[in-house]
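Reader: I would like to learn how to read the surface and the overall form of a model such as this one. Could we go through the features in turn?

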Amino acid sequence: MFSGWFRIRAELPRHRALALTVASFCLPVILWCTLSYVSWIWHPDMKITVAAEREDVATVFTAGDHVSRDYFPTYAEAVRRENAEVLAGEMPGGSKRKNQKILRQLAPVAIGEGWLAENDAQHDAAIYQLWRELAEGKRVSEILNDENLRVVRANWERLAAVSPVFSYKLLPGDPLLKLVPQGVPANPSYLPAPHEVAKTGWRDFTTPPRGDGATMRERYLKSLGLIWRGFLWACVVGLPIGILCGTYGFFSTLFEPFTDFFRYMPAPTFSTLLVAVLAADDAPKIALVFIGTVPHMILMVSKTTRMLDPSLLEAAQTLGAKPGQMIGRVVLPGIMPSLYNDLRILLGWAWTWLVIAELIGVKSGLTEVIETQGRFRNFDRVFPVIILIGVTGFVTDQILAWLHGILFPWAGRAGGISRAVAGFVTWPFRTVAAGARERVFADEMDREARRGSRTSQAGIETT
């Protein structure tokens with residue numbers, strides 16, 4: 001049954017290869033969704049949807065925070081005891097400021113229901129009106145449970161007796177009842193659910209930043225610029241040296257021993273030196289990508305050059321080719337398909353230095369988002385950036401693989417997934433090009449028609 005799937009050194013049929021390719025992407029996503037949405041499999045945390053401050057502890061939780069499932073009942077029960085003391089008149093230390101905080105407990109619920117914008121979390125007049133509408137049944141919440149709806153109605157009875165609209169001066173001094181904490185089973189904060197990652201990523205990439213901060217598009221382009229500039233400089237230095245090392249024993253003996261030694265030095269160890277020499281801007285970041293890439297490029301290119309068929313070199317020498325002609329007309333054309341694949345691999349290597357490079361000196365680009373948001377455990381904002389980097393690298397590699405089949409057709413065609421990705425990415429450009437060709441053709445036909453009309457008219461006049 002499975003013999004057709006496991007054949008040594010044999011390619012799979014196209015339909016089976018496609019199925020396995022789709023599975024390689026779908027299986028991690030299925031595992032992620034299973035851990036996120038099937039509550040009885042894992043879900044060791046509770047994600048707080050309604051938070052409350054306790055009087056007996058200094059720790060303050062807010063909506064969106066995670067606590068362990070074992071601790072959450074203790075947290076909620078402590079708030080219930082405080083509410084019981086308020087009802088019994090035994091809770092001391094009430095104040096208008098504390099009651100204002102209790103009113104703002106409703107803000108995350110209102111934002112989650114879509115009643116308030118995120119920047120209106122302290123809009124006390126609007127929040128006060130929502131307490132009234134919930135108490136009077138004019139709004140129905142899908143988040144608040146029956147226990148908290150009773151708290152809303154009990155608090156509004158006291159608030160309505162004071163003022164129908166918000167006034168800080170008129171807030172009661174005695175403590176109000178607190179909303180009892182609510183939560184939903186959740187993964188730890190470092191593994192947010194897929195829909196949370198998608199929603200947060202869309203918001204981050206479509207919402208303008210506050211103040212003078214860079215947009216996500218600007219950060220993305222900056223990161224791309226660092227990678228490509230570092231890689232191009234590595235090509236400028238590494239390709240000639242690698243080809244010379246693979247062609248001549250003199251250059252191989254001169255360069256390769258130190259290069260082999262240098263590649264074992266971790267590139268990040270040079271970060272402080274690079275900042276001291278090149279200042280804390282983009283230059284040390286580009287230099288770090290260069291240092292991390294060029295030693296491997298020299299050694300890979302030299303090895304690829306040595307794999308050229310020796311009979312080609314012997315034939316060229318027999319025909320009297322000079323050293324310059326040997327490199328330009330024999331070595332380079334002979335190694336070009338393999339050299340192109342080496343550069344694809346090395347470009348992926350350069351991408352691995354992006355995060356480290358953007359952390360040295362002044363933090364910048366996409367890495368600044370990863371580092372800053374990760375420090376505050378906002379991993380739903382970290383995952384979209386990580387996924388974006390992976391998608392960019394993968395799509396770039398697949399386009400380069402597709403171009404390999406076009407530039408070097410004798411070396412084999414690109415795989416189906418490379419053609420599909422390249423076709424999807426280049427479709428807008430091909431559509432524009434097709435439109436341009438149609439316009440050129442129409443203009444040419446129009447000119448031919450006018451030329452024929454003038455010729456006919458000239459013949460009539462001659463007659």
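Author: Accessible areas come from the Shrake-Rupley method with a 1.4 Å probe. In this predicted model, the protein chain exposes about 27,500 Å², of which carbon and sulfur atoms supply 63%.

Reader: What percentage of the 463 residues count as buried?

Author: A residue is called buried when its relative accessible area is under 20%, and exposed when that area is over 50%. By this cut-off, 36% of the 463 residues of the protein chain count as buried.

Reader: How many helices and strands does the protein chain have, and why is it described as more spread out than a compact globule?

Author: The protein chain has 17 helices and three strands. Its radius of gyration is 33 Å, well over the 23 Å that the globule rule gives for 463 residues, so the chain is more spread out than a compact globule. Along the principal axes, the C-alpha atoms fill a box of roughly 105 × 85 × 60 Å.

Reader: Which residues other than glycine have a positive phi, and are they buried or exposed?

Author: One of them is R9, with a positive phi of about 55°, which lies in the segment before α1 (14–37) and is exposed, its relative accessible area being 86%. Another is H43, whose phi is near 45°; H43 is placed in the loop between α1 and β1 (45–50) and is buried, with a relative accessible area of 3%.

Definitions and conventions. Residues are numbered from 1 along each chain as its sequence is written. This is a predicted model: local features need pLDDT of at least 70, side-chain atom pairs count only at pLDDT 80 or more; totals for chains, interfaces and linings use all residues. Side-chain values use heavy atoms; hydrogens and water are left out. Helices (H or I, at least four residues) and strands (E, at least two) are DSSP runs, numbered from the N terminus. The radius of gyration is taken over C-alpha atoms; the globule rule is 2.2 Å times the number of residues to the power 0.38. Buried means under 20% relative accessible area, exposed over 50%, partly exposed in between (1.4 Å probe, protein chains only).
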